[in-house]
Amino acid sequence: MSNIEISEEELEAIEKELKQLDEERVRKVSEKAEKTYEEKKPKKIEYRKTTEGITRISTGVPELDEALEGGIPKGSWVAITGEPGTGKSILCMHFAWAGLQAGDPVVYVTTEAEFRDVVRQAKMFGMDFERYSIYDISSAKEPAETPNIVVIDIFGLLKIARQMSETIADAETAKKRRFAALDIQTLVAAIHEAYKILGVLKEGGKSPIRHVRLIIDSLSAFWADKPAMARKYSYELKIATHRENVTAYLVSQYAMTTRSTFGFGLEHIADGVFHLWMDEVETKKEVIRYMIIKKMRMTNHARYAFKVEIEPGKGIRLEPIK
Ligand SMILES: Nc1ncnc2c1ncn2[C@@H]1O[C@H](COP(=O)(O)OP(=O)(O)O)[C@@H](O)[C@H]1O
Ligand SMILES: [Mg+2]
């Protein structure tokens, strides 16, 4: 066997070539890794963006924002309709959470549950409302600081109703007013009070000077005993609280059988409608939820339905059905 003679120069050249090959491989591998990451990384939420003069407000659900050309046009009234268990309340939590992230003040009306339960449920989906300052309107104390969220539940509504009754001279009328918690006028007064507490009103004004998110879960409670009034009440509420700087989610609870009387009052006055439903459980023997954007003003929104997945730790995830 003869020794292979390699000169210093040749050795150097080989080393250089090897090094170049190595760099090439490293570059290729990292390029691939980067591409995979870009494809797989969680979609980033843009809380607010303005295109063609329309400011879009994030729903907190990336797939929904995407289906809405970036989000809901600021100042819209969005009706969330559907039967129980379809995800309406969780959709509201995402909307509130996105607001807190964006620095928007939030008014959260809950007639279905105590806010404590809303907080607990939201936490299961990674939204920790307690990281923000929450003020309950039923509280006997003034807020120590300007809160991020003002909560209005049934106790808050009762407090406002009582305050309203105190200004009425006629005893009989006052008594009626005192217990009218689930009355549209009470709700309107409570929302105006919330705007005041959030410090978004000009002295003596009624229109917020900053963008506010208003959530009412649900409105059905206000016309539960008189469904035929749904349309009139929705209209009254809109006139009194709808402002350029208020983007609202209004939940309308309805069962399949009473669809027309319960749902449509609100849908008529809404700028947008998200409708949720589920497959007939007795036939499917499984809960399969869906959602569709029925309308959204000033938006070329997706026209297909989504399958709604509710995942622990994450909340709502939408899968388009195309
Ligand atoms: N931690 C959780 N993980 C997964 N799914 C959940 C969790 N908590 C609740 N859900 C699902 O969400 C449903 C409730 O959704 P919700 O928004 O309250 O419905 P709606 O307001 O339309 O009645 C429950 O019935 C359950 O199927
Ligand atoms: Mg609900």
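Before I start, a definition: two strands pair if DSSP finds at least two bridges between them, and the strands themselves (E, at least two residues), like the helices (H or I, at least four), are DSSP runs numbered from the N terminus. What you see is a predicted model, in which local features need pLDDT of at least 70, side-chain atom pairs count only at pLDDT 80 or more, and totals for chains, interfaces and linings use all residues. Residues are numbered from 1 along each chain as its sequence is written, while chains are lettered from A and ligands numbered from 1 in the order in which they are written.

Let me begin with the open sheet of three strands, which has the order 1-2-3 and antiparallel pairing. Strand 1 and strand 3 (72-73) stand at its edges, each with a single partner strand, so one side of each is left without a neighbour in the sheet. Strand 1 (residues 48-51) is joined to strand 2 (residues 54-57) by four bridges, and across that pairing K49 stands opposite R56, while T50 stands opposite T55. The two strands form a hairpin with two residues between them, where E52 takes a positive phi near 50°.

A second hairpin is made by strand 12 and strand 13, this time with three residues between the strands, and G313 in the turn has a positive phi of about 85°. Six bridges join strand 12 to strand 13 (residues 315-320), and the two run antiparallel. Strand 12 (residues 306-311) also pairs in the antiparallel sense with strand 11 (residues 289-296), over three bridges. Which residues pair with F306? In strand 13 its bridge partner is P320, and F306 is also the bridge partner of M291.

Now to the ligand. Ligand 1 is surrounded by a shell of residues, among them G82, K88, M124, I310 and P312, where a residue is near a molecule or strand if its C-beta atom, placed from the backbone, lies within 6 Å of it. Helix 3 (residues 88-102) gives the most to this shell, with three residues.

Leaving aside residues up to four places away in sequence, Y108 touches A96, F115, I149, V151, I152 and I215, contact meaning that the C-beta atoms, placed from the backbone, lie within 7 Å.

In helix 5 (residues 154-165), which has twelve residues, G156, L157, K159, I160 and A161 are buried. Their cover includes strand 6 (134-136), strand 7 (149-153), helix 6 (171-178) and helix 7 (184-197).

Finally, S138 is found in the loop between strand 6 and strand 7. Is S138 buried or partly exposed? It counts as partly exposed because it has 17 C-beta neighbours inside 10 Å. Not counting residues up to four places away in sequence, S138 touches D153, F155, G156 and K159.

Notes:
The expected span of a helix is 1.5 Å times one less than its number of residues. A residue is buried if 20 or more other C-beta atoms lie within 10 Å of its own, exposed if 12 or fewer, and partly exposed in between; C-beta atoms are placed from the backbone. Two residues are in contact if their C-beta atoms, placed from the backbone, lie within 7 Å.
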